[in-house]
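Dear colleague,

I am handing over the structure below, together with my notes on what was found in it. Please read the notes with the coordinates open beside you.

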Amino acid sequence: TDSVDTAALTAWLREFARLIAADKQLLTDLDAAIGDADHGANMDRGMTAVLAAYEEAPPATPAELFKRTGMTLVSKVGGASGPLYGTAFLRMAAAAGEATSLGVDDLARVLRAGLDGILARGKAAVGDKTMVDALTPAADALDAAAAAGRPLPEALKATVRAAEEGRDATIPLTARKGRASYLGERSAGHQDPGATSATLLLTAAATALTG
Ligand code: ADP
Ligand code: MG
Ligand code: MG
């Protein structure tokens, strides 16, 4: 009952694309302060291409959905975020395996696999002021909810809350990875754009997967 099929997971990533488009200017403004002002454009270009790829050939399984998403992001988004999000989705595809629907346990495993891909690729640690700062507490919260046997809506609510706290906690930090690290201590006082877009991914899950 508490498990989500390919159609629901596709709705999740469509909702992510919608939130990215709606917050494109915010993501760009955040990146203007500590980077090169392209995070909104990068993510919107990527997710627009992802939606087009779904139209061209509707994914038939969760793994296919995540793989198509990852391959499209890798090929359409330059900069740091394309390869990082792309790797995350490709790892999520591998973690989804042959499953036709995912329960809370599976979603926790899939999110963890995505985060591990980002860590392997980008070598950031928690506290470096990156998307990892939102995704790590989110993955921890989803793991804890799965272990406690929480229903999906409650599990995702806790996951979003953890991501938001991690995102907000990037504000005082000094960046140690990516372009923002070039600013050194001048990066402090600004919210990380990638932690902000990563939080939207989880917000979209809570909206689309708990209908
Ligand atoms: P670029 O910095 O190449 O212009 P984007 O602006 O699209 O790429 O993405 C910037 C975001 O990427 C940052 O806000 C940060 O969250 C994330 N990021 C950068 N480097 C890393 C890394 N090594 N590991 C994890 N996330 C990173
Ligand atoms: Mg940028
Ligand atoms: Mg750039």
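Which helices each supply at least two residues of the shell around ligand 1? They are helix H3 (39-56), helix H5 (81-96), helix H6 (104-122) and H9, where helices (H or I, at least four residues) and strands (E, at least two) are DSSP runs numbered from the N terminus.

Before the details, please note that this is a predicted model, in which local features need pLDDT of at least 70 and side-chain atom pairs count only at pLDDT 80 or more, while totals for chains, interfaces and linings use all residues. Residues are numbered from 1 along each chain as its sequence is written, and chains are lettered from A and ligands numbered from 1 in the order in which they are written.

The ligand shell

Of the 24 residues around ligand 1, Gly-79, Ser-81, Gly-122, Gly-178 and Gly-194 come nearest, a residue being near if its C-beta atom, placed from the backbone, lies within 6 Å of the molecule or strand in question. H9 gives the most to this shell, with three residues. By class, the shell has eight nonpolar, nine polar and seven charged residues, with Ala, Val, Leu, Ile, Met, Phe, Trp, Tyr, Cys and Pro counted as nonpolar, Asp, Glu, Lys and Arg as charged, and the others, Gly among them, as polar.

The annotated domain

UniProt, in an unreviewed entry, lists residues 7-207 as "domain: DhaL"; its positions are given in the numbering used here, feature names are shortened, and annotations may be inferred rather than shown by experiment. Over residues 7-207 the chain is 72% helix and 1% strand, and the end C-alpha atoms are 14 Å apart.

Packing against H9

The axes of helix H1 (residues 6-22) and helix H9 (residues 193-208) come within 8 Å and cross at roughly 135 degrees, the axes being lines fitted to C-alpha atoms, for helices over the stretch in contact, and the angles running from 0 to 180 degrees between N-to-C directions.

The axes of helix H2 (residues 24-34) and H9 come within 9 Å and cross at roughly 155 degrees, which makes H2 roughly antiparallel to H9. Here Leu-27, Leu-30 and Asp-31 in H2 meet Pro-193, Thr-196 and Ser-197 in H9, two residues being in contact if their C-beta atoms, placed from the backbone, lie within 7 Å.

The H6 and H7 pair

The axes of H6 and helix H7 (residues 132-147) come within 9 Å and cross at roughly 155 degrees, so that H6 is roughly antiparallel to H7. Their contact has 14 nonpolar, one polar and three charged residues.

With best regards

Note on methods: Parallel < 35°, antiparallel > 145°, perpendicular 65-115°, else oblique.
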